[in-house]
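Reader: I have a model open and would like to learn how to read it. Could we take the strands, then the ligand?

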Amino acid sequence: MEIKIFDDYERMSSAAADLIIDIVKRNPVAVLCFATGNTPVLTYKLLAEKAKEEKIDFSKCFCIGLDEWLGVSPDKSGSCHYTLYHQVFRPLGIKDSQIHLFNAMTKDIESECKKMNELIEKVGGIDFLLAGVGVNGHIGFNEPGADVSLLAHDQELHDTTLSSGQNYFSEPTPIKKGITLGMAQVMKARKFLLLANGIKKAPIMKQALEANITNNVPASFIQQHAGGIVILNKEAASALSK
Ligand code: F6R
């Protein structure tokens, strides 16, 4: 695992965008998996700008969504589907045929998960996965205490996740559960980029990076990921001792 600390959100986002560009330049058929949330917003904006400037071709990549709020319609701003289309796929010219996201409206969660698991196998695994971290240490919707051997699954969400989740929606939205790739899939991604910014993330980043690896802090598993990269701004890194 590598840790990179930048002075501010702008610089860390620019570095994260450069990393994605570099991956696609080296491997134009890369399988990319993206989280949503506040943290990667600027990374995605800069990625679209840099990709346009440098004429990076995403037309052979395949994209997977890390997670989704169950029961939230894809056309609702705040859903992971809507967010990824608006922040990543459309700006990069990525077509529907290059995308697989969880269907949040499914009545059959088991087969939705199976579809995702089989697809990841079929495309040869995930080359690059970008995740943010919850203040409780979650990755995707793998909440504290998660069974880290799981593949895609549904998950009851913790109170902190439910309350921070409301901030993504413009109106109160009933959310209770999520559907997510499991930690087994996160850990198998050939590169796992974890982004954290802001003072709010400082305590959990200390636990994730400097305490023992534990499923009570799913983010701590990045310590044992050979292709793990943590990109932080100074504030999120402010509790780290080294
Ligand atoms: C969202 C996701 C979540 C967020 C995490 C951090 O797709 O996977 O795990 O990455 O909750 O959210 P922000 O970036 O809003 O602090």
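Reader: How many bridges join strand 1 to strand 10?

Author: Bear in mind that this model is predicted. Two strands pair if at least two bridges are found between them. Here 5 bridges link strand 1 with strand 10, residues 228-233, and the two run parallel. One example is Ile3, whose bridge partner in strand 10 is Val230.

Reader: In what order do the strands lie in the sheet?

Author: The order is 1-10-9-6-2-3-5: 7 strands in an open sheet, with parallel pairing. Strand 1 (2-6) and strand 5 (99-100) are at the edges; each has a single partner strand, so one side of each lacks a neighbour in the sheet.

Reader: Now the ligand. Where does the ligand sit, and which residues come nearest?

Author: The ligand sits in the largest pocket. A residue is counted as near if one of its heavy atoms lies within 4 Å. There are 14 residues around the ligand, and Thr39, Asp67, His138, Tyr168 and Lys201 come nearest. The shell divides into 8 polar, 4 nonpolar and 2 charged residues.

Reader: Which atoms lie 2.5 Å apart?

Author: For polar contacts, look for pairs of N or O atoms within 3.5 Å. A side-chain N or O atom of Asp67 is 2.5 Å from an oxygen atom of the ligand. The backbone takes part in other pairs: a polar backbone atom of Asn38 is 2.8 Å from a ligand oxygen, and a backbone N or O atom of Gly132 is 3.5 Å from one.

Reader: How much of the ligand does the protein bury?

Author: The ligand taken alone exposes 410 Å², and the protein buries 93% of that.

Terms used
Residues numbered from 1 in each chain as written. Predicted model: local features only at pLDDT ≥ 70, side-chain atom pairs only at ≥ 80, totals over all residues. Heavy atoms only, no water. Polar contact = N/O pair within 3.5 Å; in protein donor to acceptor, adjacent residues only side chain to side chain. Areas by Shrake-Rupley, 256 points an atom, 1.4 Å probe, with all protein chains shown as cover. 1 Å grid on protein atoms, 1.4 Å probe; cavity = no way out; pocket = protein on both sides within 12 Å on 5 of 7 lines; lining within 4 Å. Sits in = over half its atoms within 2 Å of the grid points. Nonpolar A, V, L, I, M, F, W, Y, C, P; charged D, E, K, R; others polar. Helix = DSSP H or I, 4+ residues; strand = E, 2+ residues; numbered from the N terminus.
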